[in-house]
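Work through the exercises below with the model open beside you. Try each task before reading its solution.

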Amino acid sequence: MTNELIKGYHRFRQNRWPSERAEYEALATNGQKPHTLVVACSDSRADPALIFDTAPGELFVVRNVANLVPPYEPDGKLHGVSAALEFGVNVLKVQHVVVMGHASCGGVNAMRNGAPSNCQDFVAPWVAQGVPAVSAALEGVAADEQETVAEEAVVRLSLDNLRTFPWIAEKEAAGELRLSGLHFGIAAGLLTKLTGAKRFERLD
């Protein structure tokens, strides 16, 4: 472990643990009951727990390169994102699934410009699933808007793919589950939300 991690742990024990100890003990005894499942990017600058200022036990978080949800494909192979969705929706019974993209996303940039040469084993095939959606979204878009439009397109793609999971589509249709798309602007610290509009709108 690095010194930074050890120091952070000590700060947690000194500053947060005393006031949150009862919450952790209750979670250990009673189990978790998060209200929301968040699919977010692995990017170190876009941490859902910090952005939403949540307490322990509130969020069930799935993070990967470019906040991608692959389509429903129960083929017996290894599907980490799908496994987390199945557990969160069917076992924990979250009420809300949020896909949160963010500015300056390296994964989305790889969809536009290709994955780095030393990331061909896993990153390249992973981001390839977003290339068609990104390419279609960027048709006729000005150069200075392409980064954000591409990132928003990936959020839309993940939401579309979420609805290919039958138990998600059924729960959404029954009003038991809500799906939302967000985009986090790192520099400004602002969230925008997918509404009925063509572009995401500021979340107030």
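This is a predicted model: local features need pLDDT of at least 70, side-chain atom pairs count only at pLDDT 80 or more; totals for chains, interfaces and linings use all residues.

Residues are numbered from 1 along each chain as its sequence is written, and side-chain values use heavy atoms, with hydrogens and water left out.

**Exercise 1. Check the span of α3 and find its buried face.**

Step 1. Helices are DSSP runs of H or I with at least four residues, strands are runs of E with at least two, and both are numbered from the N terminus. α3 covers residues 80–91.

Step 2. The expected span is 1.5 Å times one less than the number of residues. For the 12 residues of α3 that gives 16 Å, and the end C-alpha atoms are 16 Å apart, so the two agree.

Step 3. Buried means under 20% relative accessible area, exposed over 50%, and partly exposed in between (1.4 Å probe, protein chains only). Val-81, Ser-82, Ala-84, Leu-85, Gly-88 and Val-89 are the buried residues of α3.

Step 4. The arc uses the directions from the helix axis to the C-beta atoms. The buried residues of α3 fall within 160 degrees, so they line one face. Gly-80 and Val-91 are exposed on the other side of α3.

**Exercise 2. Identify the residues that touch the most other members of the largest nonpolar core.**

Step 1. A nonpolar core is a set of buried Ala, Val, Leu, Ile, Met, Phe, Trp, Tyr and Cys residues joined through side-chain atoms within 4.5 Å.

Step 2. The largest has 22 residues; Leu-37, Leu-85, Val-97, Leu-162 and Ile-168 touch the most other members. α3 gives the most to this core, with 4 residues.

Step 3. Take Leu-85. Beyond neighbours within four places in sequence, its contacts (heavy atoms within 4.5 Å) include Leu-37, Val-69 and Trp-167.

**Exercise 3. Trace the bridge partners of Lys-193.**

Step 1. Strands pair if DSSP finds at least two bridges between them. β4 (178–185) and β5 (190–193) pair antiparallel over 4 bridges. β5 and β6 (201–202) pair antiparallel over 2 bridges.

Step 2. Lys-193 stands opposite Leu-182. In β6, the partner of Lys-193 is Glu-201.
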